[in-house]
Amino acid sequence: MSQKQRNILAAVLPYYPIAHYFLLTLLGSILSTHIHACTSSESTSLMSFALTLSSPSLNWTTMDCCQWEGITCDVAGRVTHLHLSSKGLKLKGGIFSSSSLQNLTHLTHLNLSRNSLYGSLDQAGFFLSLGHLEVLDLSFNLLSGELPGSLSSSNNIRMVDLSSNRFHGAIPSSFFQQAKNLTCFNVMNNTFSGYIPSPICVQSSSLIRLLDFSYNKFGGNLSRGIGNCSKLEVFRAGYNNLSGSLPEDIYDATALEEIAIPANSFYGGISNRIVNLTNLTTLDFYFNHFSGMLPIDIGKLSKLKVLLLHSNNLEGSLPPSLLNCTNLMELNLGFNLLKGDISAFNFSRLGQLRKLDFMSNHFTGILPISLYSCKSLRAIRLSLNNLEGQIQPEIVSLKHLSFLSLSGNRLTNVTGAMNILKGCRNLTVLILSTTFIGEEMPDGDHMAHFDGFQNLRILALRGCELTGQIPIWVSKLKKLEILDMSLNRITGSIPTWLGTFPMLFSINLGSNLISGEIPKELCTLPMLVSEQTAAQVDHGYLELPFFASQAVPDASILQFNSLSYFPPSIFLGDNSISGNIPTEIGKLQLLRTLDLSANQLSGNIPDQISDLKNLETLDLSVNHLSGEIPPSMTSLSFLSSFNVSSNNLEGEIPKSTQLQGLNVSAFEGNPELCGSPLLNLCQSFNGTDLDDDKNDGNQILGLHISVVLGFTIGLVGVCGSLLLIKTWRDAYFKFLNNVQDRLKC
């Protein structure tokens, strides 16, 4: 409060009761705040910045900029905070005109995150003018260009977040040398390249707690220097092009709670010195080239909650000390070379475990019963190992179990397994492919009064060589989204009730012994017909990724963390399906893959197939289809894989960029088919020549008819007259005698 205000209060105080004193004090405080309004230069600077924005307009209309939205001032009326996050701000002209903010010399917090700002940062001294800047957050924008050598003229900068932009180039090492008080540096999800700057922590007293370089294009080795970051808690550098072995001094950064360097090319062993990092809660090294055995004393990391070492070259057995990591919630060692009898491992000590993934290793033994003591388990994947035996009833005690994959093992008794697993009420993903080899599809009396799997979204029994028909109990799985029963020995026809599933969008019945026709009801699946219906389904995220291959030869395996990205598809290839392709097929407008190959289909390719505007893959090869390829198929702009080989098609291949760009093999085996890309080109005529040829043909045909008709009429007329009139006949023969006499002379 100013001296002038105090004098006013002193003058009026004797005339008011004591209660009014407090009211006046409050009023004085308000007046004090109002008097210290922002300076004209700062107000002008802010208005200048507002003018660089194209949308939306800011509600900055009052005289005092300290009252504006997103603005905070100190007691002296100087702007200290500019916070306009998530306002949808856009710039005019594509230039981040930071010079308009240069007069905000007391600014400590600048947050313009989650907008649509684009252009490059001004390197002409803007940040040098912000000598008091402590927090800079420009994340989730469209900013580009390279970083300046420094973001502040003083050591005040504490937090820098430039994540999720389009910055590129190298990060200057000078930045870290000048930012003595830096605690957080986040540049994830850009296109930075070069080496990760070193040294980051120029002295052991460095305050850095978080470093995030992930999702960029950094390359080379990870240099020494991280060990000097004595307060570093989080280090992330995943999804880059880093290589080499880990620097030994990383094990000296004992404050580390998270190391995440997935999806790089690091190699070598994981040193047992990692147990020095006793504060670790997350160790994420997946999808690298680490080899050797797991650290024998890994159990000393007693705080560890997440251990992700999948997709490496690790070998040997599980170290017994791993059981000391009793706080583990997620353990993923899949896609390695690990071995040993898994049933001898006492999982009951890992009572907090929620996710277990040992996929694609060399583990042996039976399914470990001790695993069912982990009551928090939500996901189990032990697929592609050498396990054997049967699924035990104790698995029903896992009340939270949502994801179960045991494919690629030597399990037996599929009927018993299904009867047990239907008691897992929260099961959404069940993958039992390539196991239970040669058994009979569970059905009939064994599955009577079936009421399980009411939450099942994925059912995969692929490659089991199961016999029998598609069981009727499958019709009760109303939440099913993906059904895969391919590569079995299923007989009978496709049931019509398969078209009644409200959420089903992917069906694979390929490589079976299915006969009969394609039911028209299959063309009414709501998730493939109605875009509005498909948009209303919340697929959510899976507890573990779902793996599947593309519908093209030599395709790689794709990983899906959510079914939102799984392609809508129907695979009926390699069966004995007959009849015509139903014209109702055109209703499946959301379909992206349709495979009807290697069947006994006949008739024409229906023109309605061109209504499948989202179709990417269409395989109709090895059938008995006839007629022409519908010209309307040229409108399928997303079609990238197409095959109609080995049919009885004829005529010219429709001309389009997609069809002419395909390999010849996609059309071979149709002798009457012609046109590019086939070598047997069609004979082409232009319109004028065709009309002339028709006219010439008509004239020649008319001439021939006239000659023949004239000769016939003349012959009949002459011969008829000679036969009917005697005087003509006598005269005719007399004429011939005279001619004969003359010829003799």
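The model is predicted, so local features need pLDDT of at least 70 and side-chain atom pairs count only at pLDDT 80 or more, while totals for chains, interfaces and linings use all residues. Residues are numbered from 1 along each chain as its sequence is written, and side-chain values use heavy atoms, with hydrogens and water left out.

I start with the open space. On a 1 Å grid over the protein atoms alone, a pocket is an open set of points with protein on both sides within 12 Å along at least five of seven lines; a cavity is a set where a 1.4 Å probe fits but cannot get out; lining residues have an atom within 4 Å of a point. Points are joined across faces, edges and corners, and a volume is the space filled by probe spheres set on them.

The second largest pocket has a volume of about 800 Å³. Its lining has 29 residues, and Y239, Y286, H310, P545 and Q559 are the closest to the centre. Strands here are DSSP runs of E, at least two residues, numbered from the N terminus. Among those that supply at least two lining residues each are β25 (355–357) and β38 (557–562). The largest share, four residues, comes from β37. By class, the lining has 13 nonpolar, eight polar and eight charged residues. Nonpolar covers Ala, Val, Leu, Ile, Met, Phe, Trp, Tyr, Cys and Pro; charged covers Asp, Glu, Lys and Arg; the others, Gly among them, are polar.

The largest cavity holds about 80 Å³. Ten residues line the largest cavity, with F176, A179, K180, V202 and S206 nearest its centre. Seven of the lining residues are nonpolar, two polar and one charged.

Next, a loop residue. P319 sits between β22 (313–316) and β23. Is P319 buried or exposed? P319 counts as buried because its relative accessibility is 6%, where buried means under 20%, exposed over 50% and partly exposed in between, with a 1.4 Å probe and protein chains only. Leaving aside residues up to four places away in sequence, P319 touches L294, P295, I296, I298 and F345, contact meaning heavy atoms within 4.5 Å. L294 is 25 residues from P319 in sequence, with a C-alpha to C-alpha distance of 6.9 Å.

Last, the sheet. Five strands form an open sheet in the order β40-β42-β44-β46-β47, with parallel pairing; strands pair if DSSP finds at least two bridges between them. β40 (578–580) and β47 (672–674) are the edge strands, each pairing on one side only. Three bridges join β40 to β42 (residues 600–604), and G579 stands opposite L601 in β42.
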